[in-house]
Amino acid sequence: MTQNDHDIEALVGEWMTLKEAAQALNVSPNRVKQFIGDHKLLGIRKGGEVAIPAAFIAGGDIVKGLPGTLTLLADAGFTDHEALNWMFTPDDTLPGAPIEALAANRGTEVRRRAQAMAF
């Protein structure tokens with residue numbers, strides 16, 4: 001594991017396996033893989049298995065605004081690790097981490113900031 005991996009582990013906290021995410025979303029694991037490919041979810045390999053931050057799923061659905069935010073970050077050239085780092089790093093001006101703002105239905109400001117980084 002690299003230092004970056006350790007940093008992401010500390011920031012994200014709770015993770016779900018592909019199978020756990022599929023159960024939480026009431027879809028197949030293949031559908032979760034498609035969500036990852038379509039930037040609706042973000043998953044990284046941990047110990048040879050795809051892991052998804054548990055904070056990305058709430059109430060049986062993907063957190064509102066997450067897919068659009070992940071697409072903006074990908075368009076800005078962020079790697080998956082960089083996007084996870086940005087999503088989970090606290091920002092006093094939001095306040096909280098971008099994922100917390102999305103979960104609290106304050107996604108407009110999060111997406112505005114993600115879009116601004118693309119330029």
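Q: Helices (H or I, at least four residues) and strands (E, at least two) are DSSP runs, numbered from the N terminus. At what angle do helix H4 and helix H5 pack?

A: Two packed helices are described by the angle between their axes and the distance between those axes. Axes are lines fitted to C-alpha atoms, for helices over the stretch in contact, and angles run from 0 to 180 degrees between N-to-C directions. In this structure, H4 (residues 66–75) packs against H5 (residues 80–88) at about 130°, and their axes are 10 Å apart. Before we go on: this is a predicted model, in which local features need pLDDT of at least 70 and side-chain atom pairs count only at pLDDT 80 or more, while totals for chains, interfaces and linings use all residues. Residues are numbered from 1 along each chain as its sequence is written, and side-chain values use heavy atoms, with hydrogens and water left out.

Q: Which word describes how H4 and H5 lie to each other?

A: Angles under 35 degrees count as roughly parallel, over 145 as roughly antiparallel, 65 to 115 as roughly perpendicular and the rest as oblique. H4 and H5 are therefore oblique to each other. Handedness is a separate label: a crossing is left-handed if the near helix is turned anticlockwise from the far one by less than a right angle, and right-handed if clockwise. H4 passes H5 in a right-handed crossing.

Q: Which residues of H4 and H5 make the contact?

A: Contact means heavy atoms within 4.5 Å. H4 brings Leu 66, Thr 69 and Leu 73, and H5 brings Ala 83, Trp 86 and Met 87. To sort them, Ala, Val, Leu, Ile, Met, Phe, Trp, Tyr, Cys and Pro count as nonpolar, Asp, Glu, Lys and Arg as charged, and the others, Gly among them, as polar. The H4–H5 contact then holds five nonpolar residues, one polar and no charged.

Q: How do H4 and helix H7 pack?

A: H7 spans residues 107–117, and the angle between H4 and H7 is about 15°, with the axes 8 Å apart. The two are therefore roughly parallel, and H4 passes H7 in a left-handed crossing. Thr 69, Leu 72 and Leu 73 of H4 meet Val 110, Arg 111, Ala 114, Gln 115 and Met 117 of H7. Five of these residues are nonpolar, two polar and one charged.

Q: At roughly what angle do the axes of H2 and helix H3 cross?

A: They cross at roughly 95° and come within 8 Å, H3 being residues 29–37. H2 and H3 are therefore roughly perpendicular. Leu 18, Ala 21, Ala 22 and Leu 25 of H2 touch Pro 29, Val 32, Lys 33, Phe 35 and Ile 36 of H3. This contact has eight nonpolar residues, no polar and one charged.

Q: In what order do the three strands of the open sheet lie?

A: Two strands pair if DSSP finds at least two bridges between them. Here the order is E1-E3-E2, with antiparallel pairing. E1 (15–17) and E2 (44–46) are at the edges with a single partner strand each, so one side of each has no neighbour in the sheet. Neighbouring strands are turned by 50° against each other on average, direction ignored. Three bridges join E1 to E3 (residues 49–53), and Trp 15 stands opposite Pro 53 in E3.

Q: Which strands does helix H2 touch where it packs on the sheet?

A: H2 (residues 18–25) touches E1 and E3, its direction making about 95° with that of E1. H5 also packs on the sheet, touching E1, E2 and E3, at about 95° to the direction of E2.
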